[in-house]
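Here's a quick briefing for anyone opening this structure for the first time.

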Amino acid sequence: MGTQWDGLATDFNSGVWLVSYCQQPFWEGQYKKLAEERSGGPWTVLDVGCGTGSHTVRTLQAGASYVLAFDVSKDMVEKAKLEVDKFFQSQALPESKVDCVVASVTDCSSIPEAQEGTFDLAVCGYVLCNLGSKDEIRQALKEIYKLLKPGGKLMISETHVIQYTLEWDNESVVPLLYKWCTPKEDGTKWNYFEDEGKPRELRMRMNSGREIKVTNRLYTLSTWVSLIVEAGFQITQFLEPYVDSKAIPADAPDYMKYAAGKPTDMFWECTKPNL
Ligand SMILES: C[S@@+](CC[C@H](N)C(=O)[O-])C[C@H]1O[C@@H](n2cnc3c(N)ncnc32)[C@H](O)[C@@H]1O
């Protein structure tokens with residue numbers, strides 16, 4: 001069965017400016033820190049909803065010994081495989097191995113390589129907002145929890161709740177970025193709490209100028225924290241990455257300048273307790 005992400009596999013990685021200027025540098029920092037904690041020892045990664053394989057490649061670059069990357073979109077998995085092949089052609093890493101599989105995070109038992117209690121790190125970048133309900137998120141977190149080693153870490157990123165107060169929708173303030181979400185019937189914007197868990201269409205403008213549409217769901221900060229804690233994780237770090245204005249070229253479009261300095265993501269580092 002096709003998914004809404006299939007058609008986006010070609011340029012998702014390089015096409016979204018926020019990914020290039022904020023998310024990738026931020027995640028690279030997290031992986032570097034984790035590799036230092038492992039002090040050269042092997043570590044294994046579960047790249048949940050791997051998309052085009054950005055986290056897979058970055059964790060390999062940071063020293064991961066094995067990555068199991070999976071996504072519900074067949075096109076995304078195909079693209080991830082290509083990116084991984086390209087990476088291995090450019091780097092000689094005979095000790096590292098990757099498997100790329102089509103599967104849903106709500107049922108990891110269908111993945112033969114997904115052995116319980118074997119992963120040091122699970123990465124879940126902007127995936128949970130794509131699931132159909134809170135119950136599906138609960139199920140996903142349960143699956144991930146099972147697959148991690150005791151003491152293993154889950155890193156999650158989702159849209160920052162401050163986005164409700166920013167003026168992405170006001171084209172005179174922020175031309176050409178994206179529509180925050182489908183407006184209410186009267187044309188006004190949803191407020192925080194009001195549209196929790198409801199499907200919303202997000203329109204994003206890619207670097208190429210192409211506009212893409214995806215439907216996802218937003219949750220309040222308290223819902224995210226509750227879901228993570230209910231699943232049995234301890235939240236060991238909460239960060240709010242933002243675009244560093246110094247990283248943005250002087251001739252960048254106004255919307256990038258508008259975004260600089262404001263948090264874009266919420267990031268949780270969650271630890272499976274060593275019971
Ligand atoms: C915003 S993209 C993020 C991709 C990647 N994690 C990244 O940060 O570059 C969301 C991805 O989640 C995937 N996805 C959606 N529902 C999923 C599910 N139930 N199981 C696994 N992947 C899923 C989509 O196919 C898409 O590739």
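## A first tour

Tyr126 is partly exposed, with 24% relative accessible area; that label covers values between the cut-offs for buried (under 20%) and exposed (over 50%), using a 1.4 Å probe and protein chains only. This is a predicted model, where local features need pLDDT of at least 70, side-chain atom pairs count only at pLDDT 80 or more, and totals for chains, interfaces and linings use all residues. Residues are numbered from 1 along each chain as its sequence is written, and side-chain values use heavy atoms, with hydrogens and water left out.

**Positive phi angles**

- Tyr126 sits in the loop between strand 4 (119-125) and helix 5 (134-147); helices (H or I, at least four residues) and strands (E, at least two) are DSSP runs, numbered from the N terminus.
- Phi of Tyr126 is near 55 degrees, which is a positive value in a residue other than glycine.
- Phe193 also has a positive phi without being glycine, this time near 85 degrees.
- You'll find Phe193 in the loop between strand 6 and strand 7 (200-205), and it counts as exposed at 57% relative accessibility.

**The ligand and its surroundings**

- How many residues surround the ligand? There are 18, and the closest are Gly49, Asp71, Ser104, Val105 and Gly125; to be near the ligand, a residue needs a heavy atom within 4 Å of it.
- That shell splits into 10 nonpolar residues, seven polar and one charged. Here Ala, Val, Leu, Ile, Met, Phe, Trp, Tyr, Cys and Pro count as nonpolar, Asp, Glu, Lys and Arg as charged, and the others, Gly among them, as polar.
- A ligand oxygen atom is 3.1 Å from an N or O atom in the side chain of His55.
- A ligand nitrogen atom lies 3.0 Å from an N or O atom in the side chain of Ser104.
- Val105 takes part through its backbone, with an N or O atom 3.0 Å from a nitrogen atom of the ligand.
- On its own the ligand has 600 Å² of accessible area, and the protein covers 92% of that; such areas come from the Shrake-Rupley method with a 1.4 Å probe, and for residues only the protein chains shown count as cover.

- Helix 3 (residues 54-62) is mostly covered, with seven of its nine residues buried.
- The buried ones are Ser54, His55, Thr56, Val57, Arg58, Thr59 and Leu60.
- Glu83 belongs to helix 4 (residues 74-90) and is buried, with a relative accessible area of 18%.
- Not counting residues up to four places away in sequence, Glu83 touches Thr52 and Val57; contact means heavy atoms within 4.5 Å.
- From Glu83 to Phe119 it's 36 residues in sequence and 22 Å in space, C-alpha to C-alpha.

- Is Asp99 buried or exposed? Asp99 counts as buried because its relative accessibility is 17%.
- Asp99 is part of strand 3 (residues 97-102), and its side chain makes a 2.6 Å polar contact with the side chain of Tyr66. A polar contact is a pair of N or O atoms within 3.5 Å; within protein, one must be able to donate a hydrogen and the other to accept it, and residues adjacent in sequence count only if both atoms are side-chain atoms.
- Setting aside residues up to four places away in sequence, Asp99 touches Tyr66, Val67, Leu68, Ala69 and Glu113.
- His160 lies in the loop between strand 5 (148-159) and strand 6 (178-179), and at 7% relative accessible area it is buried.
- The side chains of His160 and Glu240 are joined by a polar contact of 2.9 Å.
- Beyond its neighbours within four places in sequence, His160 is in contact with Glu240, Pro263, Thr264, Asp265 and Met266.

**Another loop residue**

- Glu196 lies in the loop between strand 6 and strand 7 and is partly exposed, at 27% relative accessible area.
- Glu196 and Thr220 are 24 residues apart along the chain, yet their C-alpha atoms are separated by 6.7 Å.
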